[in-house]
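Hello,

Here is the structure I said I would hand over. My notes follow below it.

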Amino acid sequence: MSPVSRVRSLVRRRLAPLAGLAIAVLCAGQAPAGSRVEDLLAKMTLEEKIGQLNLVSGHHAVTGPYTRSDVRSAILKGEAGALFNVYGAEYTRGLQEMAVWQTRLGIPLLLGFDVLHGYRTIFPVPLAQAASWDLEAIEQSERISATEASAAGVNWIFSPMVDMSRDPRWGRVVEGAGESAWLGSRIAEARVRGLQGKSLAAADSVAACVKHFAANGATEGGREYSGGDISERALRETQLPPFKASVESGARCIMSAFNAVDGVPGVANDRLLRDILRREWGFRGIVVSDFGAVEELTVHGVADTATDAARQAFRAGTDIDMESRTYVSQLAALVRSNAVPISEIDDAVRRILQLKEDLGLFEDPYRRSVPAREASLVGNGSHFDAARTLAEKSMVLLKNERNTLPFPIAVKRVAVIGPLADAKADTLGPWAANGQPEDAVTLLGGIRRVLKVMAEDADIAFSSGGSIDRSSPADIAAAVKIAARADVVVLALGERSTMSGESASRASLDLPGDQMALARAVLALGKPTAVVLFNGRPLTIEDLDKEAPAILEAWYPGSAGGLAAARILFGLAEPQGRLPMTFPRSVGQIPIYFDQRPTGRPAGDQPKPYTTGYQDVGPRPLYSFGHGLTYTSFFLGAPRLDQPVLKQGGAVTVSVDVMNTGPRTGTAVVQLYIRHKVAKVSRPVKELKGFARVTLPPGGVGVAKIPLAEGDLAFWQPEGRFAPPEGGQISVMTGLDSDQLKATVLEYQPRDVTRQASN
Ligand code: NOJ
């Protein structure tokens, strides 16, 4: 090592830890803590300011069509206020040291990463988590994700993804919370709380970045990166609520979307970014573009040059340019030519520095980059247990004819068949951050673990039956051979995890390859057989549903997923999940979701001419929103109101008697839907407004109590604001899914009718 390198190394290893303290002392000596941001801003050159508006990708993960940088040179040139796709305590510490010690003002870095369902301990994919209908468990999973990611130096997470998912052809439905704006909003709040923790400055907290603003899920035909034509009502009532809920929960970052809304791409959409997000909702955090989206304005055909793209995106309110480098190459000239006011640059930089301040980065840039913390927290055993519990809560028992499940624990011969039975990467899912496939317990591994303890002599035979894309006759014959000898058969079918996620739209939602042929051959044996599905979206499995006696939707269940599924199959855990997204019978039914608007000619149960629907497929989905069976059965009473009338500013409590009428302990998820009987604009046939989980032993009785407040009745009024109707009757419906509901009527009387009459 040369003397120069030795000195550098000494500085890095010995003195660097003091750098944060030094900055704190220097800054504290100059001004009160609150004005550190203003002090810095006053010292910055225009180029240094623009450097703060640039976000550069590292090489630890590839999350876009290109990576072109050396992050170190970007830091040294002062061109990177933030990096993403970098992690690891040691590595991120080195990067922070470089920013702190080797740039003029020593401003630490925002370090972002896509941690959508776990950092190293991988939880079920977000759509699966939504199926748990368990907000506390979801919040806890985010707390763990934040704890692990922050122990690896990450201080900013590109999650939650709160786009509404109404077209399962779109691969990104796997990242969201499904089709209900109400459920999606509650889940968004839980995720933001979990990621940001009680104090953003804590070493185990990160800033949440809510994405993709807005209407990224309103695709055309499920095509990735497409933007559908969307009405103001659909925007306000369906797409925006989870964003608004996230902002109200204190989310510090919003990612603007690739797609256009009414012809204006998200990154340059000043109506969305300035009028709605900042002015209407009072958002004070930062806005980051999606990957390369600033320069893509020229491809959209709304900007003719990179200069124009930078101007439009920045002036619309996108503070940070993710990876397109358009801000660093264009903004300085735009400021000098007065096309961009310096005051707007200052405001954006101020917001970014304030976030760094609130994350505690000026006080101690290295608090999240401590190798010993990383070693003890990342992949911790208790995190694996939490991942298993959430996976169990997320799995949805779609069908269970003749009580095929649970299988007897004293089973002798088990055949485990299918291309997804022992697929480690697919068990984790498509956006598994730093999850390692070798850590994943597959379904085969889970069955082995469970039976090793519970049925030591059990013989477990495995055959993949081919691959996800193809099964030869010999593959199918090998599978049938082991199934023929078995007492029970488990068929693990579904999609490769890369068939879901970004850039993974599908035109067909059938089981890929020859899996249906494999399933038919095995099911023809008539053995007690359970299909376990691994997939990131609703699939069209009507044929499978006709032929298989039991189907468990496992989604991509994460690190402990195979163990969770095995525990459910053999009755050590109850299936508890309920679908957050409708399963269509055929692609032709899409879009199909529970809160559709009425028509003047609704479909009945029997096909009838001149009613809505299709000639060749019925009006109902295969499995409705909210559907999910248990190993027990429940009787639900009709909904009862604690008062028949809801007054202005008031709330009622809806109570539902629940009885466990089956043989096992189970959890009922009692769901509450409403419908405005008459309103100025036609309202959806049902809207989810609440739910309660009630766990009961066999024979146990309980009461689900669900609040319903005046605010729950509000909708987007023709005059352009959210408000409840002027009064009238509301159907209040409750049940175990969105299809089988019992109803009562609530009178909504915002004004005192007796007083009005006497006036
Ligand atoms: C593009 C995706 O749309 C977004 O969700 C993600 O956060 C960025 N790439 C960064 O990886």
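Pro 591 lies in the loop between helix H23 (561-569) and strand S17 (634-636). Helices (H or I, at least four residues) and strands (E, at least two) are DSSP runs, numbered from the N terminus. A cis peptide bond joins Ile 590 and Pro 591, with omega about 5 degrees.

Some background: this is a predicted model, where local features need pLDDT of at least 70, side-chain atom pairs count only at pLDDT 80 or more, and totals for chains, interfaces and linings use all residues. Residues are numbered from 1 along each chain as its sequence is written, and side-chain values use heavy atoms, without hydrogens and water.

The peptide bond from Phe 213 to Ala 214 is also cis, with omega near 5 degrees. Ala 214 is in the loop between strand S5 (207-213) and helix H9 (232-239). Tyr 225 lies in the loop between S5 and H9. Tyr 225 is not a glycine, yet has a positive phi of about 70 degrees. Most residues other than glycine have a negative phi.

Is Tyr 225 buried, exposed or partly exposed? Tyr 225 is partly exposed, at 38% relative accessibility. Buried means under 20% relative accessible area, exposed over 50%, partly exposed in between (1.4 Å probe, protein chains only).

Asp 262 sits in the loop between strand S7 (260-261) and strand S8 (264-265). Phi of Asp 262 is positive too, near 50 degrees. At 68% relative accessibility, Asp 262 is exposed.

Best wishes
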